[in-house]
Amino acid sequence: MASWSLRIGSRTFSGPGPFVMGVVNATPDSFSDGGRFLDAGAAVARALALAAEGADLVDVGGESTRPGAAPVPAEEEIRRVVPVVERLVAGGFAVPISVDTSKPEVARAALRAGAALVNDIQGLSDPRLAGVVAEAGVPVVLMHMRGTPADMRERARYDDVAAEVRDELAEALRRAATAGIPAERTLLDPGIGFAKTAAQSLEVLARLGELRTLGRPLLVGPSRKSFIGAATGAAVEERLPGTLAAVAAAVLAGAHFVRVHDVAASRQAALVAAAIRDAARGPVSV
Ligand code: HH2
């Protein structure tokens, strides 16, 4: 992949990574930690703990995207997310903050409060959100999915999942460009578990390298997801070992960023995978 560099808040990211995005869910119903961080103070404490564990970014979200999750009105999502961003910024939080939303009103309010990146699981299918991102001049994560969390399971039909994800992410890049967001301000994410069966998620992970032809840094979010349960039978709260295996596999396959709940453990797994990846290039001759 051509070299890339992305300014997110106060930090410039470039190179192969790995970089770790820690998940802060300010939701009552997230699939793995719903309700635990709903109170703004608890979510702030969670973000501080993830930063102490070595997170390079924190991703604050106020709406669960698990299959069949109930949609949350924009005002409620703002009420959950914005106080968390405000309190972190007021406290001098040094780690760039990302907002996990597909709603233009929520993105606008979070960016105004100090968020530096928009993480959109809908890959900018809403042109109003694209407008907010373009106007703010911030970077954006374009994630692949089809439909909405309510109906995405029925839309998991592919002839060639990796090729179709690549083509649909290329379409998302075109939507961004049309709205005035240059490719240089994007990250791409194949959307593990979104409109994908467990087998399709595994195939996308195995063939992640094919997405490198799109020329943008890749973010992958395997943390505690159901493909791990399908491969092992482990319940959600028992999926850390499976998450670490997926993090290592993603880094070896070319992921630059991983989005995880368990930052310290995932960071160690990602760093070891990256060291193996780099050793494969052999000794550097001088
Ligand atoms: N996964 C989830 C949410 N947002 N964003 C990106 N870019 N990539 C992902 O894989 C991704 C994401 C789902 O995980 P989580 O936030 O823990 O659960 P919930 O949506 O139920 O809050």
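The structure described here is a predicted model. P73 belongs to the loop that runs between β4 (57-61) and α2 (74-90). Along the chain, P73 and S125 are 52 residues apart, and their C-alpha atoms are separated by 18 Å. A second pair was examined in the same terms: L111 and Y158 are 47 residues apart in sequence, with 36 Å between their C-alpha atoms. L111 lies in helix α3 (residues 104-113). The relative accessibility of L111 is 14%, so this residue counts as buried.

The backbone was considered next. The peptide bond that joins G17 and P18 is cis, with an omega of about 15°. P18 sits in the loop between β2 (11-14) and β3 (19-25). In A195, a residue other than glycine, phi is near 55°. The loop between β8 (186-189) and α6 (198-206) contains A195. Because its relative accessibility is 1%, A195 counts as buried. R224, which is not a glycine either, has a phi of about 60°. This residue is placed in the loop between β9 (219-220) and α7 (226-232). With a relative accessible area of 12%, R224 is buried, because the limit for that class is under 20%.

R224 also takes part in a salt bridge. Its side chain meets that of D262, with an N to O distance of 3.1 Å. The two residues come from distant parts of the chain, 38 residues apart: D262 is in the loop between β10 and α9, and R224 is in the loop between β9 and α7. Both D262 and R224 are buried. A network is also present, in which D160, E203, R207 and E210 are joined by salt bridges that share partners.

In total, 17 salt bridges were counted. Among them is the pair D100 and R259, whose side chains meet at 3.1 Å, N to O. This pair links distant parts of the chain, as D100 is in strand β5 (residues 97-100) and R259 is in strand β10 (residues 257-260), 159 residues apart. D100 has a relative accessibility of 12% and so counts as buried. R259, at 15% relative accessibility, counts as buried too. Another salt bridge is formed by the side chains of R128 and D126, with an N to O distance of 3.1 Å.

The largest cavity holds about 30 Å³ of space. Its lining consists of A162, V165, V204, R207, E210 and L211. By residue class, this lining divides into 4 nonpolar and 2 charged residues, with no polar residue.

The lining of the second largest pocket is made up of 7 nonpolar, 6 polar and 6 charged residues.

Methods:
Residues are numbered from 1 along each chain as its sequence is written. This is a predicted model: local features need pLDDT of at least 70, side-chain atom pairs count only at pLDDT 80 or more; totals for chains, interfaces and linings use all residues. Side-chain values use heavy atoms; hydrogens and water are left out. Helices (H or I, at least four residues) and strands (E, at least two) are DSSP runs, numbered from the N terminus. Buried means under 20% relative accessible area, exposed over 50%, partly exposed in between (1.4 Å probe, protein chains only). Ala, Val, Leu, Ile, Met, Phe, Trp, Tyr, Cys and Pro count as nonpolar, Asp, Glu, Lys and Arg as charged, and the others, Gly among them, as polar. On a 1 Å grid over the protein atoms alone, a cavity is a set of points where a 1.4 Å probe fits but cannot get out, and a pocket is an open set with protein on both sides within 12 Å along at least five of seven lines; lining residues have an atom within 4 Å of a point. Grid points are joined across faces, edges and corners, and a volume is the space filled by probe spheres set on the points. A salt bridge is a side-chain nitrogen of Lys or Arg within 4 Å of a carboxyl oxygen of Asp or Glu.
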